[in-house]
Every structure is written in C-alpha cells, then in structure tokens.
Amino acid sequence: MSDATFTPDREAEFGDYVALLKPRVMSLVVFTAFVGLLVAPVALHPFVAASAVLFIALGAGASGALNMWYDADIDAVMRRTAKRPVPSGKVAPEEALAIGVGLSGIAVVMLALATNLVAAGLLAFTIFFYAVIYTMWLKRSTPQNIVIGGAAGAFPPVIGWAAATGGVSLEAVLMFALIFMWTPPHFWALALFIKSDYDDAGVPMLTVTHGRKSTRRHILIYTVLLAPIGPALALSPVGGPVTLAAALVLNAIFLKGAFDIWRRDEGEAETDGYRTEKRVFRFSLYYLFLHFGALVADRALQGVF
Amino acid sequence: MAIRATHELHERRLSRNRGVGLVLVAFIAIVFGLTVVKVQNIGLTEGFDHVVRPELILRAE
C-alpha cells in the first residue's frame, strides 16, 4: 500500500479511521460488555474492568474494520453505507485490512493480559465469527444472515462475564440469547423501510428472497421467541424485580409492535411512510438498552438491600 | 537534531499524527495502570534483600 497506487480525493483524517471501527456499534458493545462484567458475581478492580471493556470494544471495532474492507463493494451500492471510509475512497482497502488485523491482535492479547484466556478466546472467536463466518460467508449466501450474524453482536456481555469470572454460565448464556433473538426483528424492521438498498446490492436479505409478507411474519415469530428470555433473565441470579418489571413491559410493547407489523400489508405501510416499522425499529433499540439497564439497576439494588 | 524543513505533507497529516500520538499515550497509560493494579493485587511481598532479617530465618524450637 502506498500513495502511488492509491490516490484518495482528500487526505484521510483521524476521524475516518475512527469511522472504520463503527463507533455506533461499538457503543452498544461497550454497554452490553460493561453490564455483563458488572453483574458477574466476581468483582474486578475498576481499572481492570474499564480496560477489559475497552479492549472488548476495540476487538469489536477491529472486526468492523475487517467488515468494511471486505464489504466495500456492497457498501458502495447502498445509500446507508456509501459514505463509509472505504467505499467513499478516504481509506484504502488494504489499510482497512491492516488496521482490522492489527487491532484484533492487540485487543485479544491485551484482554488476555488484563483478564484471562477464556475472555480473550471468546473475543478472538467473536472477531472470527463476525469477519469470516458472517461477513465473508453467510451475509452473501443466505437470507438467514441476520439471524446468524446476530450471534456476533450477542457475545460482548458473555465476554464481559468471562472477563470477571473466568468462565461462562447460565446468566451469560441468557444475556447472549437476549441479544441473539432480538437482532432479527430489530434488523428486519429496518430492512422493511429501507427496502430498495439491499435489492441493489444483491445481499440476500429476507425482504428480497422471501418477500415482505414473509419478513413481517418472521418479525412476529422471532419476537414471540424473544419474549420468554427477558423474564428468564429476570428470574436468574443476576435478575431481580426491576428486570422482571422491565421484561414484562418491554415485551408487551415489542410484541404489540411486531403484531402490528405482521397485520399490515405493503399498501398500508407505503401510505403512511412505514410509520409502524420505523416506530418498532426505534423501540427495539430502547428494548435492548432498557433490558440491560434494568440488570444494572437490580445489581445496584442488591448493594442497597 | 530536529528536522526543521516543513513539507505540506506535515500539514495534511496533522490530524492523523495527533490522533495516533494520543492513542499511543493512552495505550501506555493503560499498560502502566494495569501493571500497577496487578502488582498491587499480589499484595505486600517480602523477599531477601541482602539484609539479615531475623523473621525470615527458621528457628528450630
């Protein structure tokens, strides 16, 4: 890689490299990893805990860079992603690859040194899963890409938990299941209202391969399957009254939203500019945030009583 | 000996260089902090330091 072979429109700034790490995805990773670490029964020194969360986030960012390196051709076609550093020509693809590989290594090694090998191993697996299994393979080959890709996003609380305890147990698996089952309805709601993009890029999104009616049904099915996980988490050792209340209320709203999406047809959705789909998508973000927030609240209450 | 000649490249790359500099400083701070915490976690240790310390000598009683 040299400037002789790659002539960007303008010099890449530091912010363009930060954008390569998908900072918005990272913020969710930071939050869920932090919660996984916080609710674990073993307390880490605050500095070690903060470092662990940082390196988990760095690993997630590195896999984001690898994703942007490999997906530059798709990203260039879709409106939502065309401005990303690689397709917009600000960062050379080889540079994105080098940063992705380099930061992955640093993140895994540093997490191992800061905490333990189980957490580091899980982080390495997550990066591999997202960059290779999801990005290189499943995303382009199956409409279930979102379901399986969701696993990568579901790992951070498990890594946080492992960083504190040195292992994985039921509570960590339930936190994993919550994000894993939440991802498909969350993403498909988005896919419904930014429809044309995935068609153009040739990504086998469910809306393209099975049609929008089927996508609506899938959203409802996955939301129904998601519903018991929150209450189960609330009844597990990391849960408590706040989580239980949150799980019941959030699931009721999400199920109602998924039901509304399922009941509508395209004509209705197009007349009101996909209002329900957009509302459910926005709510789904709160759903996950508040669920994990409730776990923190219950943990704080345990300290009080 | 400092390099005095400036090139327009220095200006173009200012943002990157500053960013990388800050990241490196932060990384050093984290490694140092982790080291301090890990060493503290070991607790007070007492070793031989070339001074006779009676409490370290086994006494046959």
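In secondary structure, chain B has two helices and zero strands (DSSP runs numbered from the N terminus, H or I of at least four residues for helices and E of at least two for strands). The model is predicted, with local features requiring pLDDT of at least 70 and side-chain atom pairs pLDDT 80 or more, while totals for chains, interfaces and linings use all residues. Residues are numbered from 1 along each chain as its sequence is written, chains are lettered from A and ligands numbered from 1 in the order in which they are written, and side-chain values use heavy atoms, leaving out hydrogens and water.

One helix of chain B meets chain A. The axes of H3(A), residues 46-70, and H2(B), residues 14-42, come within 10 Å and cross at roughly 140 degrees (axes are lines fitted to C-alpha atoms, for helices over the stretch in contact, with angles from 0 to 180 degrees between N-to-C directions). H3(A) and H2(B) are therefore oblique to each other (under 35 degrees is roughly parallel, over 145 roughly antiparallel, 65 to 115 roughly perpendicular, and the rest oblique). From H3(A), the contact (heavy atoms within 4.5 Å) involves A:Phe47, A:Val48, A:Ser51, A:Leu54 and A:Phe55, and from H2(B) it involves B:Phe27, B:Ala29, B:Ile30, B:Gly33, B:Leu34 and B:Val37. These residues divide into nine nonpolar, two polar and no charged (Ala, Val, Leu, Ile, Met, Phe, Trp, Tyr, Cys and Pro are nonpolar; Asp, Glu, Lys and Arg are charged; the others, Gly among them, are polar).

Within chain A, the axes of H11 (residues 211-226) and H13 (residues 241-263) come within 8 Å and cross at roughly 160 degrees. That makes H11(A) roughly antiparallel to H13(A). By class, their contact has 10 nonpolar, one polar and three charged residues.

Two loop residues of chain A deserve a look at their backbones. A:Lys22, in the loop between helix H1 (14-19) and helix H2 (23-39), has a positive phi of about 50 degrees although it is not a glycine. A:Lys22 is buried, with a relative accessible area of 12%. A:Tyr274, also not a glycine, has a positive phi near 55 degrees and lies in the loop between helix H14 (266-271) and helix H15 (275-304). A:Tyr274 is buried, at 8% relative accessible area.

Terms used:
Buried < 20%, exposed > 50% of the residue type's maximum accessible area, 1.4 Å probe, protein only.
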